[in-house]
Amino acid sequence: MDNRQKEINNLKDYKYGFSTDIENIQAPKGLNEDVIKFISNIKKEPTWMLEFRLKAFERFKVLKEPDWQKPKFPKIDYQDLYYYSAPKSMKDKPKSLDELDPKLLETYKKLGIPLQEQARLNGIAVDAVFDSVSVATTFKDELTKQGIIFCPISEAIQNHPELVKKYLGSVIPTSDHFFATLNSAVFTDGSFVYIPKGVRCPMELSTYFRINASNTGQFERTLIIADKGSYVSYLEGCTAPMRDENQLHAANVELIALDDAEIKYSTVQNWYPGDKDGKGGIYNFVTKRGLCKGKNSKISWTQVETGSAITWKYPSCILKGDNSVGEFYSIAITNNHQKADTGTKMIHLGKNTKSKIISKGISAGSSDMTYRGLVDISSKAKNSTNYTQCDSLLMGNKCGAHTVPYIKNKNSESNIAHEATTSKISEEQLHYCQQRGLNPEEAVGLIVNGFCKEVLQQLPMEFAVEAQKLVGISLEGSVG
Amino acid sequence: MKEQLQKDFNNSIKNLSLSQKDIEIKKFCLDNFLDKGFPSRKEEDWRFSDLNQIIKNNIGELSFYNDQASTNKVDTSVFVDGLEHNKIVFINGRIEKIDFDYEKKDQIEIIDQSETINEFKNSNSLSDLNNAFTKKCFKILVKKGYQLVKPLIIYHTTNSKIWSKNINLRLNFELDKDSSLRLIDLFNDTSEKNFLNIFYNFELKENAVLKNYKVDKLENKNIKYSFNNIDQDKNSISETFILSSGSNFSKNEINCNLNGIYASAFVNGVFSLNNDKHHEIRSIINHLTENTKSFQLIKSVLDESSKAVYQGKIFVNSDAQKTDGYQLSKAILLNKESEFNAKPELEIYADDVKCSHGSASGSLNEDSIFYLMSRGLSYQQSRELLINGFLLDVVEKITDSEIKNLIKNMIGIKE
């Protein structure tokens, strides 16, 4: 058996489906002001932070859960969730990696996220978030030398309150939609990145999220600020144990790019998708929004969505600064009973702004996939352009692929072009590959990878390899 | 509005000789409408055109009671010259004339269907309003194998003698096996600010061919809503062309169900707007069985602070393998204030299909203008030539040459 086959067999089942036995501290079940105070208290937050949370909670109380999305799901009982769960050993934070709970380290090793030696070899700075808290951040010293701040957001609240206070909630305010507001009220941890003026971050920054405890919602919050003329590339990966019940993941990600800055945000999302009959899996309801605040700034989203029972997210760009650029590259693959409703929003406010959307959707099995996007060129956004391409591939006649773009053009000097196609893998292509000795599954893998190439190219090298494999694996069993 | 509706409804019931059951059905529809009201932007299908608001801002309070006891004088000057045709004349919502002079009388049947209530899929509260207030409803049946010799023109006329602020019309058509009908809807409105609510239902049997051309060209202050439901059997063809230009507000909805194999639907539309006009076309093509085809082409030219909306949806059922669906919308924005919104939607549950859509909007191509000007045309001439060519593309899609020429003349497009 060749290596590839072995690899596939290895990965055939959701290999991240294990859970780790670690003693947890949890907040009392349910959602109320006391729980929010509990979270704020345990994180030793200043009062302004608690006020921020309570304000969001006030707003949350009047909001209703949205129901316009395509994938429907049973009602979530928000009182039946734990909003805070942390490994007990984290109560007094370890000073260095050596003090980490060995079990935690082992978990991350299993996930293939080397927190120690290998990290140094790979040259990626990693921040690992386990359930609700950030457990380890590597490469801190090297980054600090350049003035880069890369730390858990809970630490940033303590150590850099002026930055957090200024930018937190500036892109996703506490008065936003249902899930974003919920996150603002109860978020537990996440990453904070600040790149100072003119600094080009020397390495990829990466966060690995893991939901371990059952019945826990994961609400992390990421805030990335790229100051004038800086550059950062940020990666995010996610896994969760296999559990029969659905788990909620409602994160908020805010990006702010000032003059001439560039942020590249890549996600490989591989939350537990549920079993073959659609039992269990993560509800991935994430709000991601980037603000190109300054002139000539750029924000680029790249996502590979293969996991989660339901994915429901629209990473967006608000192109406020003149000449700013927004990009969105996405591959979304659904198999078995997975459902995805994803896409992007490009809101053009500044002059000469450009945006590009490339979305590739693949649905197989009994899954359902929707691209939903908004391109809005306001009357002031002179000379702006948008190009959108969304292609869908269907495998089998039990799945669905839908495209719902909203296109608004209020400016006569701007151009919008939108294209979408839906098709299946052609018999000729399959025949051609098989004739040359590939088995049907390999042939499909090859063709699908070609279909996704435009997006895969956008990923940083290390991720691209992983993503390419993931694409193949997610479609296992969908042919023949 | 509620009291007015109730009062006008009672008035209109009084004058009709309806059975108790029919009255109850109409009451039921009225209650439905009272409950829902006019569609507003909270409804997904109306998010770009808030009818409730538009009526409020433009007309204010509506009145619904339309006394149809007295006849209106038919103004023959509006009739189309140079094209022999059959006529149906609506004046202020009342049918004044039905005339199939050029056809064999026994091949066309006109059935009074005033009692039946149309239930449309993918419809809204306006169908309830329509059902509650329509009085005369005819079904035009084209019998098996008969193909109309001349086109049928339906004249929609409103004038200053109009009774109410709201007119509801309903017509049903059935095209039996192997039959064909060419239908032109022509709007001649001289009244001030009314709300027209028009429902057509077409039933196409095997091999039937329907060509429907809607021409709203004359400047008027009306708010217009028109809903076409088309059910298509095996091998039937429907062609819809919409020229959307004259009214203050207009929304055309086409709901087409391709029920039989090899059925095909074509929807072509032109928006040519200026002033503060706000027009919309919304099409839903339901591919319900295999080997069906649809094609849609919508082009808009928008000047001043006009606004055009196109919402097109291609739905492919899981049984509808080998579907071919295509949709393209293009818009030229001539003015800073003009606006184009599109929502081209695909909802697909079958894998062996070929579906695509495209949408583009922007300004006139400066390079093309430069090219033409360098060859001696003035700026204005180059602009007109480019717009002419842009729209000609859609008009050329009209398969009936006689009517194509008529429409070309009407909108002043040159070849």
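I'll start with helix α9 of chain A. Its buried residues are covered by elements of chain A that include α2 (33–42), α3 (47–62), β8 (221–226), β11 (252–257) and β13 (281–292). Keep in mind that this is a predicted model.

How many of the nine residues of α9(A) are buried? Eight of them are, so the helix, residues 178–186, is mostly covered, given that a residue counts as buried with 20 or more other C-beta atoms within 10 Å. The buried ones are F179(A), A180(A), T181(A), L182(A), N183(A), S184(A), A185(A) and V186(A).

Now chain B. The chain has seven helices and 19 strands. Its C-alpha trace spans about 70 × 45 × 45 Å along the principal axes. What about the radius of gyration? For 415 residues a compact globule would come out near 22 Å, and chain B has 21 Å, which agrees. Of those 415 residues, 49% count as buried. On contacts: take the pairs in chain B that are at least 6 apart in sequence, and 83% of them join residues at least 24 apart.

One residue in chain B to look at is L34(B), which sits in helix α2, residues 20–36. Is L34(B) buried, exposed or partly exposed? It has 17 other C-beta atoms within 10 Å, so it is partly exposed; the buried class needs 20 or more. Leaving out residues up to four places away in sequence, L34(B) touches K2(B) and L5(B). Between L34(B) and E3(B) there are 31 residues of sequence separation, and their C-alpha atoms are 10.0 Å apart.

Conventions: Residues are numbered from 1 along each chain as its sequence is written. Chains are lettered from A and ligands numbered from 1 in the order in which they are written. This is a predicted model: local features need pLDDT of at least 70, side-chain atom pairs count only at pLDDT 80 or more; totals for chains, interfaces and linings use all residues. Helices (H or I, at least four residues) and strands (E, at least two) are DSSP runs, numbered from the N terminus. The radius of gyration is taken over C-alpha atoms; the globule rule is 2.2 Å times the number of residues to the power 0.38. A residue is buried if 20 or more other C-beta atoms lie within 10 Å of its own, exposed if 12 or fewer, and partly exposed in between; C-beta atoms are placed from the backbone. Two residues are in contact if their C-beta atoms, placed from the backbone, lie within 7 Å.
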